[in-house]
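Q: I would like to learn how to read this structure step by step. Could you begin with the terms and then turn to the case itself?

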Amino acid sequence: MSPLSKSWSLSGMRVISACIRHHSSLTTELIENMDKKATWDRFYTETSSKSPATFNNFEWFFGFDSVREFIMPLFQTTSHPDALLQVLDMGCGTSALGPSIYKHSPVPVRVTCADISPIAVRLMREHVQAKEIQPHNPSSRLEFVELDCTQLDKHYDPSSVDLIVDKGTTDALLRSKEGKGKAGLVLQQCLRVLRSSGSLLQFSDEDPDARLPWLEVAAQDLGSVVADVAVQEVGELKGVWYYCYQVTPRNSV
């Protein structure tokens, strides 16, 4: 069994089964088609509460507190500390990750929570409006947008984003039958819109022996390496090890 398939059987299946144990056909669809918009529309339709008052965030892998120490220090090392930092929570779903960054960042940030599913986007807008989340910095902004992460350049100018957070989105693409090519395209799009001082953080349960070689190959343009890749252990949760892969552009792409 490859590191990827082993981690998927331990972690991804556990998450799916806990959330949709009464929807066997949806489980099958997710396993095979996590790169499809229709799959996620169905997922959020069938598993989310109909009322904002009883809404619960769905966290893939873990929540904000588990990765806070990887995210927040990056805001202190920015090359333009007085500007509104551009943060993208890519493939946000109904996670509280993006809103938590908005809530806790001491420096002003514009957090864009983007997902391919308009249903997830609507649910999060309604939830945030009902909860009235307040930012630590009064200049910070929070928005939710429907966006295909293979087309980030339709929403962002080149070299305009300071931080992209990817908690399970690339994993979902790589583990889909037709998603691996999309995963490579997403990485290229991230490098295109990131500032030269920016970073992409991929949080994943995939072993470095599998993810690092893929990242190093995917982060190339015409044979030239355009980004540096590093990895840190996030830690163990319920018997599964998680990692933070940090991808930083070598130049403005």
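A: Contact here means heavy atoms within 4.5 Å. Among contacts in the chain between residues at least 6 apart in sequence, 76% join residues at least 24 apart. This is a predicted model, in which local features need pLDDT of at least 70 and side-chain atom pairs count only at pLDDT 80 or more, while totals for chains, interfaces and linings use all residues. Residues are numbered from 1 along each chain as its sequence is written, and side-chain values use heavy atoms, with hydrogens and water left out.

Q: How many helices and strands does the chain have, and what percentage of its residues count as buried?

A: Helices (H or I, at least four residues) and strands (E, at least two) are DSSP runs, numbered from the N terminus, and the chain has 9 helices and 9 strands. Buried means under 20% relative accessible area, exposed over 50%, and partly exposed in between, with a 1.4 Å probe and protein chains only; 51% of the 253 residues count as buried.

Q: Which residues of helix 9 are buried, and why do they lie on the same side?

A: An α-helix has 3.6 residues a turn, so residues three or four places apart point the same way. In helix 9, which spans residues 208-218, the buried residues are Pro-208, Arg-211, Leu-212, Trp-214, Leu-215 and Ala-218. They lie on the same side of helix 9 because they cover an arc of only 165° around the axis, the arc being that of the directions from the helix axis to the C-beta atoms. The face turned away from that buried side carries the exposed residues Asp-209 and Val-217, whereas the cover over the buried residues includes helix 7 (169-174), helix 8 (180-193) and strand 5 (194-204), among other elements.

Q: What is found at the start of helix 9?

A: There, a side-chain oxygen of Asp-207 reaches to within 2.8 Å of the backbone nitrogen of Asp-209. Asp-207 lies in the loop between strand 5 and helix 9 and is partly exposed, with a relative accessible area of 26%. The C-alpha atoms of Asp-207 and Tyr-243 are separated by 7.7 Å, although these residues are 36 residues apart along the chain.

Q: What does Arg-211 touch?

A: Arg-211, in helix 9, is buried, with a relative accessible area of 0%. Not counting residues up to four places away in sequence, Arg-211 touches Thr-170, Asp-171, Leu-174, Gln-202, Ser-204, Glu-206 and Tyr-245. A polar contact is a pair of N or O atoms within 3.5 Å; within protein, one must be able to donate a hydrogen and the other to accept it, and residues adjacent in sequence count only if both atoms are side-chain atoms. The side chains of Arg-211 and Ser-204 make such a contact, at 3.4 Å. Asp-171, in helix 7, counts as buried at 3% relative accessibility.

Q: At what angle do helix 4 and helix 5 pack?

A: Axes are lines fitted to C-alpha atoms, for helices over the stretch in contact, and angles run from 0 to 180 degrees between N-to-C directions. Helix 4 (residues 64-71) and helix 5 (residues 97-104) pack at about 55°, with their axes 11 Å apart. That makes helix 4 oblique to helix 5, since angles under 35 degrees count as roughly parallel, over 145 as roughly antiparallel, 65 to 115 as roughly perpendicular and the rest as oblique. Phe-64, Val-67, Arg-68 and Ile-71 in helix 4 meet Leu-97, Ser-100, Ile-101 and His-104 in helix 5.
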